[in-house]
Amino acid sequence: MVIISISDWFTFIGRFHPLMVHLPIGFFSILVVIETLNRYNYLEVHKKVIQVIIFCSTLSAISSCILGYFLSLEGGYNEEILVEHQNQGIVFSVLNLLMFCLKLDYSEIRIPFSKRIYDVLLLLTTLMMIITGHHGGNLTHGEDYLTEKLPFNKKNNESSVALSNSTKNLDKNTVIVYKDIIKPIFKQKCEQCHNASKMKGNLRMDEVSFFKKGGKHGEIFKANDAEGSEFIKRILLPESNDEHMPPKGKPQITEDELNLLRWWIQEGASFDKKFVEFEIGNEINQSLSGLGFLFSDENKRNARNNQTGFILEEKILNEPITTINESLIQKIKESGGLVLPISQNKNYVEISFVNNKNLNDENIQSILGAEKQTIWLKLSNTKITDNAGAVIEKMTNTTRLNLFNTKVTDKILTNIQKLPKLEYLNLVGTGVSDAGLNSIIQMKNLKKLYIWNTKITDEGLNKIKNNLPNLDIENGITEKMKIDYLNLKQNEVSDDVYKKKD
Ligand code: HEC
């Protein structure tokens with residue numbers, strides 16, 4: 001037998017309070033209308049009718065008070081506003097009761113000035129109804145529910161940069177990630193229950209200090225650890241789970257929003273860092289445009305290149321180029337590759353075979369024909385060997401080449417060396433050794449080189465550094481990089497491989 005405790009019933013009944021309160025409001029409003037029309041002799045309503053209306057208003061007001069009390073037992077409301085609202089509700093009910101008594105035939109005869117008093121009470125009770133209703137609304141929807149949408153409310157205009165259906169042209173140099181991207185998501189999906197007046201789970205998300213403090217179970221996020229962050233965990237729980245956020249039936253977090261929240265946590269959960277100070281992958285760019293953010297391509301590339309200094313790539317992107325022909329794209333797709341535009345209005349592309357175990361020295365030939373348009377070539381975690389060098393060598397517009405975790409060795413460097421515009425080279429986990437150094441130091445345009453987990457010695461490393469003093473060499477592995485690589489799924493559209501070690 002299922003035993004349901006009495007308090008369960010109380011909370012259940014309490015939930016009818018928001019419905020119930022409309023009754024006294026309705027009854028009392030009709031009373032005000034009738035009494036006003038009566039006063040101006042516009043219509044004559046039988047006194048009995050009026051008595052019945054006040055009676056209904058009084059009864060429903062008292063019931064609302066009782067249900068409201070049950071609802072408050074659930075907790076999670078701002079105590080101060082709650083007590084005010086409760087008292088106002090009681091005063092409203094008592095005023096109703098007084099009016100009812102004054103309207104009785106008995107009182108009208110016995111009590112001097114009863115009509116005058118009744119009129120004064122009518123006015124007071126109307127005011128009380130408005131005040132009580134307003135406070136109740138604040139408890140449910142948050143204090144700035146009404147005012148935030150005022151057209152001339154400046155605060156509103158500032159914080160609603162994101163998340164409407166229109167596109168926003170933003171300047172990456174001024175956008176603050178938390179304020180302009182993350183906070184609007186919280187505001188839309190979380191804050192109606194986690195604010196000053198409604199603190200479900202004892203959690204407020206409307207101000208940074210409270211967000212940092214967390215809820216009744218403590219902190220709700222861990223910087224750099226999205227999967228370990230309580231609020232992300234809750235968003236990821238199945239909707240049927242009681243702890244899932246936002247609770248079932250409420251507007252849910254979308255895929256794009258989740259991407260951005262995770263990214264923000266993973267990048268350190270800063271509350272004041274600007275957009276340009278973050279690492280921005282393709283996926284993040286896509287999620288941002290999914291939410292209506294639009295950064296001009298110019299801004300986008302500047303932000304990226306300011307950090308990395310890929311000058312040649314920048315130059316190429318400014319040169320007009322014809323599109324790759326469709327049948328070639330089809331051919332590349334058939335061999336398991338992705339052809340992705342680098343930027344929207346240019347025809348330059350990234351060709352990616354990331355994690356494609358079917359890619360070998362034979363079928364990589366499918367990319368021949370796309371030499372002019374291909375500037376990024378991602379071949380990590382594939383079956384290619386040094387023999388693919390002959391094809392790679394022909395891709396002369398390549399500015400970024402990724403050979404992470406392939407079987408290539410020093411031999412392929414003699415081919416790569418012939419790529420005149422190469423600025424980024426990833427050789428992590430390959431068989432490259434000090435014997436390949438002579439080729440590497442010929443790559444005068446190289447800006448970034450990843451060589452951890454290769455056979456290059458410290459001595460070799462120093463030789464590269466001496467010959468290419470401006471080259472940025474990544475020779476260490478951090479936990480985060482490991483995770484990033486492990487998380488790369490088959491052909492994932494990701495810029496992770498270009499991430500700086502932090
Ligand atoms: C409709 C109301 C509602 C919305 C919207 C909502 N929550 Fe909650 N939240 C609750 C309730 C109720 C609890 C308490 C449930 C519990 O104790 O498990 C809670 C608890 C939490 C907790 C646990 C706090 C603690 O320490 O116990 C976290 C974290 C949380 N919510 C995050 C979020 C996030 C993030 C969002 C937005 C994506 C969100 N909530 C949206 C009602 C809501």
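## Helices α4 and α5

Let's start with a pair of helices. Helix α4 covers residues 47-72 and helix α5 covers residues 79-103; their axes come within 9 Å and cross at roughly 160°. Angles over 145 degrees count as roughly antiparallel, so α4 is roughly antiparallel to α5. Keep in mind that this model is predicted.

As for handedness, α4 passes α5 in a left-handed crossing. So who meets whom? On the α4 side, the residues include Ile50, Ile54, Phe55, Ala61 and Cys65, while those on the α5 side include Leu82, Ile90, Phe92, Leu97 and Phe100. Sorted by class, this contact has 12 nonpolar, 10 polar and 1 charged residues.

## Helices α3 and α7

Here's another pair to find in the structure. Helix α3 (residues 22-39) packs with helix α7 (residues 114-141) at an angle of about 145°, and their axes are 11 Å apart. This crossing, where α3 passes α7, is left-handed.

From α3, the residues in the contact are Ile25, Phe28, Val32 and Glu35; they meet Leu122, Thr125, Thr126, Met129 and Gly133 of α7. By class, that gives 5 nonpolar, 3 polar and 1 charged.

## Around the ligand

Which residues come nearest to the ligand? Out of 23 residues around the ligand, they are Cys190, Cys193, Lys200, Gly201 and Gly215.

Helix α11 (residues 230-236) supplies the largest share of this shell, with 4 residues. Split by class, the shell has 10 nonpolar, 6 polar and 7 charged residues.

Conventions: Residues numbered from 1 in each chain as written. Predicted model: local features only at pLDDT ≥ 70, side-chain atom pairs only at ≥ 80, totals over all residues. Axes fitted to C-alpha atoms, helices over the stretch in contact; angles between N-to-C directions. Helix = DSSP H or I, 4+ residues; strand = E, 2+ residues; numbered from the N terminus. Parallel < 35°, antiparallel > 145°, perpendicular 65-115°, else oblique. Left-handed = near helix turned anticlockwise from the far one by under 90°. Contact = placed C-beta atoms within 7 Å. Nonpolar A, V, L, I, M, F, W, Y, C, P; charged D, E, K, R; others polar. Near = placed C-beta within 6 Å.
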